[in-house]
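Colleague: I am new to this structure. Please show me how to read a few of its features.

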Amino acid sequence: MKSCENPGQPLNGDEALSINGVSGGLGKSQDLQIRTGNTYQKVVTWDDHSLMVRGKRVLILSGEMHPWRLPVPSLWIDVFEKIKALGFTAVSFYVHWGMVEYAKDDFNFDGFLSLEPFFEAAKKTGLYLIARPGPYINAETTGGGTPGWGTRVPGAWRTTNQTYLNAMEAYVRKISQILAPAQITNGGPLILVQVENEFSYCFQSPNCPVPWPQPGYMQRLEDLMREEGIIVPTTTNEVQFTSNNYAPGSGPGQVDIRGYDNYPLSFICNATSTWPDNKLPTNLWAKNHLISGGNPNSIMEAQAGAQGRWGWFSTDDCATFIGSSFERVFYKNYVSFSTTIMNLYMMYGGTNWGGLASPATITSYDYGSPIKENRLLTREKYSELKLLAQFLLVSPAYLTTKPLNQVPVNTVNGSTFTNNPLLATTQLADVVGNKTVFWIVRHNAYNSLDNSAYKLQIPTSRGNFSVPTLQGSLSLNGRDSKIHVSDYDIGGDSTVLYSSGEIFTWNKFSPKTIVVIHGFPGEIHETAFLIPTSSKIEVKQIQGSALQNLSITSDIITINYQIPTTASQTIISISSNFQVIIVNRNTAFDFWVPTWDNGSAIVKSPYLIRSASLDGTGTLALRGDLNQTEVSAEVFANDDVQGVSFNGKSVEVTRSSYGSLRFDLRTSSDLKVELPDLERLDWKYIDGLPEVKDGFDDGKWTDANLTNSTNPRKPTTPTSLYASDYGYHTGNILWRGHFVATGNEGNFTAEVQGGGAFSASVYIDDKQIAFFGGIYNVAAVNLTGVAPALKVGSKHVITIVQDHMGLEQNYGPGGDLHKIPRGILNYHFSGSNTSVTWKVTGNLGGEYYLDRTRGPLNEGGLYTERQGFHQPGVDTSTWNAGSPLEGLKEPGVRFYYSTFNLDIPTNLDVPISFNFANNTANSVTYRALLFVNGWQFGKFVPEGILNHRGVNTVALELWVMQEMGAKVEGFKLVADGVVESGLGDQRSPNLTNKSDLQMGFLLRERDVFDTSTVDSVNRVAKYVVVISWSDSGSTIVINAKPKNLLLNEGHTSNGAAGTALIIVCFGGFIVLFLQRRREQKSATRPSWLFLTYTIFTILSWLLTLTALAYTFAVTNQTSGQFIDETIAAQFQHTAYPLDNWTPGTWTRALLDLPLTSATDASYLRGWLRAIDGWKWNLIPMFLIGLVVAVLSVKVCLADRKVSRTYKA
C-alpha cells in the first residue's frame, strides 16, 4: 500500500478557490477539521494529523538536496531515484539568492541554476517538492545565501527596514514566478513553500537592536509570493521549536503550516561515540500541539548529519556520529510524536565547489548524509533509513495517530508497558480508526549502551498479552529503539494482532499476502496474526530455521522465532495465501519495494533497485544498479508476473517452492577501470603571482579610493579596504598599495580579515615579509613583517594576497553578520606615516562576472584565474615544464596545467576523486586550488564536470607561504567505486545534457579591458576556447579557434585603416601647419615636407585599396562554409581541421549551429558585429584617402605652376 500518489495532476473542476477570497468550505471528514489555510486552492489540505493531496492522506518523508551543490542537472534524477527507492515521498530544496542575483537586478537562472530540470526530474520520479527560497537560507553557504552586494545596502536585513525590502523584492517576485508554474495545482510536483528560514530569534537577546518579532516583514514576503501566483500552503521552520511567532492564528505574518528544526546532537562530530545526556527530545508533540494544534507535527529539518570543518573533523566522522544508531533512536522518537511531515537535512549534501561555503566549512558538503557526496550508497544509514520509511509507507493508520502518553515512560496510571524499569515506551494510537497502536520502546537513558531484556505488556482487541508469550524475552541492545505494533491491518481480512519483530513491508499480492519482518541477529521475537477462519491454516517453515515455537488458537496464529544470524531468510507459510519472511536487519537492507501505476513488488537484490514496471506479457522490468559482478536476486509479486528483465535485458528465472522468482544478475564487465596517473602527466606551469614582480601594471585594477562605506563597521583606514565595497565577494582578493618611501619605514603591520580558516601573504615589492597559514576558527589576524631598507623617495608596492572564505551567515535579525568585511581593517608602518594608495582586484568582472556557465562563485582574483588559464584549451607551448610534485623552493603562487583522457563505459557510474597525499614529514603551509575543465572543485569531481569519455583539463594552483617552499607530496585519481548503473542514457551528462560541459565563450582580463582595440575583438578566435552544442540529443565540444585561420579581418583592416588615419589626418595637421607658416614667409614653392606628405597620402590610399580588395576577396572565398558536426565530434577539445577560415566566416558558421547557450550566441553576435565593423571601415577610409590624395596632388601641381610663373 502506498500513502503517496504520484504528484503532478492538474486541478480538476472546482478545486481552485477564488483568488479574491471567496472560500469554499470542505466541511469535516471523519469529524476532523480539514484546512486550506490562507491559500487559494484545495488540492493540498491538512488537519492536525497529516497533509492531504486531493483528499488522500499522504506521508511526507522528505530529504534535503540543493541542486546548486551538484551543478550537473542530468545527475539530479539519479539522486531522486535513490531517494524514492528508500520509500521517501518528497525532496526539499533551497534556492540560493546570492548565486542567481549576484549583481542587483541581474538574474541568471540558466544552466545548472535553472530549476525547470529539477522540477521535471522530481515529477518523472514521482516525488513531491518543498521549496525553500529564503530570501535567507543559512545552509553553511556564503552569506547564508544572500548576495554580496547586500553588504552595501544600509540598514538591518531580515526586517521591515525599507532598504532591505527594496533589495529583496525583485528576487522574491522572480523566484515566485519560477515556482508558481511548478505547483501541484498547475500539474507540477511542488506542494509546500517555506517563507524565510529559521526565523525564530533576534541576533541579540534580550536587548534586540531591531523590533522583534517581525510580523510585518513575514507578511510582506507572503504577500509578494501570493501576488506572483504561489497558492500552495506556506510553511516555516522554527529553529526553536517552542517559538510561536508566525504560527497559524498568530496574526500578521502567520504561515499555513508551522514547522520546526531539530538537531539534538549539534554539529561537533569528532567525539564519535559520545552522546551527551538529556539530548533526546521528549515533548515535541505536546509543544507543537499547544502552539499549533490544527497542524500536523512537522519537522522541516531533522538532523541527518553535520558539516565538516577545516582542520578539525571530516564528513566521515559526521556520518559515524549521526549514523544508523542515531536513526534508530531519534527518528523512531520522531515517529512517537506522530510526525507526518519530516524532512531530513541533508539527504544528499553535494559539494561546496568554488566559493559556495561559509567560513570554516570544508569544500565537501557531504554532511555525513545517507547518500554520499559521490552519490554512492555505501553507508549503513541509507539502508537503515529504508527500513523505517518502507514500514511507515505501508502503515496508513500512522497518519491518524496521537501519542496517548506524551512523554515516553514505563508506567502509566499504575500499568507498565514493559517489565524493565530501564526502558521507556510511547503508546501511539490511531485515534481515527481506533484500532492500530504503535509501541515505541527505547532506553530511558537514550544514550545507554546496556543490553536490556524485557517483556512487552500490551492490550489488544483480543485481550492483554505479555510478549513474548511462548518463550524467551525481547531484548534492546544499546542505542536502539523498537516499533512494536498491535491490531495492525494488513489488507482488510488479515491483521497483525501484535508483533515484536519489526515490520519492513507487507503486500497483498494475488494470491497471497506477504509480510517481511526483521530484527537484530539472534533476537527472540513473537508475532500473532488474526487470519480469517475461512482460510485453511497450515503453518509450515518452508525455508530457514528461525521458527522456535508455534501456537494456533482459533483464528490467532502465534509464531515465536529467533532472528537469523546469517544472511539466510526464513519463509513461514501460515496458509496457502499468507507468508511471512523473517530476516536479520542486514539482510533486510537488500529488500526493495518498487511501485508502478497499478502495482508493486518486493525485490531482494543488493545495492539498488530503482524502479519496476509490468508489461503486457507478464514480464517485470526492473531497473537497478550492481556493485558486484554477480549477485542472486528474488522477486515476490503477483502470480501473473512470469518473467523478469533487468536494465532492459531478459534474465533466466526459476519459480521457488514458495512462489517467488529467483534469478542471477551479472555485470557486463569486471567492474574495473583504469585511470591515468596524474603524477606522470606532461605538466606545464607559469608564475601565478606576477603582481609582486617589478613593473607589473595594475592600471586596470579597481581604485580602492572610497572614503565612505555603508558597512556597519566604519573603515579605520583612510579609504575603505573592504572587498565587497568594490564588488568582490569570493575567491582570492589581491591588494596592491603604492607608496613613496620616507626612508623611516620599520615594520609593516596589516590587520587582514578573510573569515574562518583563511590565509594571507604580505609582500613588499617581491619579498614576502609575513604570512598566516589559517586556523579554522580564526577570521582575522595582524600580520607584521620587517620592511626592507628603502631609499628616500623610492617607489614601492605592498601586495597582500588573501582568501575570501565566504561571507558570514546572518542567522539572527539585528546582527547583519553577512556585512562583516573581508579585506584590510588596519595597516601602518612603524616609524613612518607613509601614505599608501591602494588598488584591488578579485574575480574578473566582480559582480558582473563573465563566466555565466559556471556562475559567479567559480573563480577568484589570482592572476591565472583572471586570465582564464583555468579553462580548457589554453596554449601552454611557451610555459615551463614542471610538476606540482616538484613545487616551489620559495614563497609564491605557481599555476600548473595539464590534460588527460578518460574512457569509461557509459553503463558504468564511476565517481572519481583527486586525492592529495598528506605531508607527514614536514609541517608545510600551502594552499591548493583544483580546477577541472574550468570548474573549481574539491577532491570529488562529479561526472559532467569531469568528462568520463574524452579529454579533461586539470589545473592546480599552488600558493606557498613558507620560506622553504612546498610541494604536493602525491596527487592521484581514485575511483571511489564502480557501479553498473541502471540509469542508462539519463546519466551521461557530457553526452546528453545541454548545460553540462558547456564551457562558454569567455572574454578574460587580457581582452575585456581592451575592447576599444580590434586586437581584443579578434582574440575571440585565438584565446576563447570551447563551445558546445546539441544535435540529436548529444553534446559536442569544440575549440573556438579553427586549425586553418587564413586572415584576420580585424588586423588587416585595422592596420590599413589605422595607417591611413595617421598619415592622412594627423600627418596632414602637421604638414598644413608648417606649410602655412612657410607661405606667410612668402615662400611660394611647395616644401619638401608637403611633397613627402602627398606621396605618403597616395601610398596610404593604395594600401587601403589593397587591404580592401584582399579582405573582401578572401572573405568572399570562405563565405558560406559550414562546420561538419561529424568531424567536429571527432576533434573535441582540439582545433577544427577542415577548410580555411577568417574569424568572420568562422563565427558565422558557429552561429549557424544550435548553440546550447544563449549567452554564447549573444557574445558571438556581438563579436561578429565588431569584426564586420572593422572590415567595413575600410570603405570610408578608402574614400577619404582618395579625396585627400587628389586634393594634395592638385595643390602640388598648382603650387608648381605658380613657382614656374614666378621664375619666369
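Modeller: Start with a loop. Asp694 lies in the loop between β44 (684-687) and β45 (702-703). Keep in mind that this is a predicted model.

Colleague: Is Asp694 buried or exposed?

Modeller: Read its relative accessible area. Exposed means over 50%. Asp694 has a relative accessible area of 84%, so it is exposed.

Colleague: Which residues gather with Asp694 in a patch of negative charge?

Modeller: Asp766, Glu890 and Glu963 gather there with Asp694, on the surface.

Colleague: Which residues form a nonpolar patch on the surface?

Modeller: Ile1095, Leu1099, Leu1102 and Leu1105 form one. Together they have about 330 Å² of accessible area.

Colleague: Now a helix. How many residues of helix α1 are buried?

Modeller: Buried means under 20% relative accessible area. In helix α1 (residues 76-86), ten of the eleven residues are buried, so the rest of the structure largely encloses this helix.

Colleague: What follows α1?

Modeller: Gly87 does, and its phi is positive, near 105 degrees.

Colleague: On to strands. How many residues of strand β13 are buried?

Modeller: Ten of its ten residues are buried, so count β13 (residues 339-348) as mostly covered.

Colleague: In which sense do β6 and β13 pair?

Modeller: Strand β6 (residues 60-65) pairs with β13 in the parallel sense, over five bridges. Ile60 has Ile341 in β13 as its bridge partner.

Colleague: And over how many bridges do β12 and β13 pair?

Modeller: Strand β12 (residues 297-303) pairs with β13 over five bridges, in the parallel sense. Here Ala302 has Leu344 in β13 as its bridge partner.

Colleague: In what order do the three strands of the open sheet with β57 stand?

Modeller: The order is β60-β57-β62, and the pairing is antiparallel. At the edges stand β60 (940-941) and β62 (971-975). Each has a single partner strand, so one side of each is left without a neighbour in the sheet.

Colleague: Over how many bridges do β57 and β60 pair?

Modeller: Two bridges join β60 to strand β57 (residues 912-916), in the antiparallel sense. To see the pairing, find Ile912, which stands opposite Val941 in β60.

Notes
Residues numbered from 1 in each chain as written. Predicted model: local features only at pLDDT ≥ 70, side-chain atom pairs only at ≥ 80, totals over all residues. Heavy atoms only, no water. Patch = residues over 30% accessible without salt bridge, like charges linked within 9 Å, V, L, I, M, F, W, Y side chains within 5 Å. Areas by Shrake-Rupley, 256 points an atom, 1.4 Å probe, with all protein chains shown as cover. Salt bridge = Lys/Arg side-chain N within 4 Å of Asp/Glu carboxyl O. Lys, Arg positive; Asp, Glu negative; His and termini not counted. Charge placed at Lys NZ, Arg CZ, Asp CG, Glu CD. Helix = DSSP H or I, 4+ residues; strand = E, 2+ residues; numbered from the N terminus. Buried < 20%, exposed > 50% of the residue type's maximum accessible area, 1.4 Å probe, protein only. Pairing = 2+ DSSP bridges.
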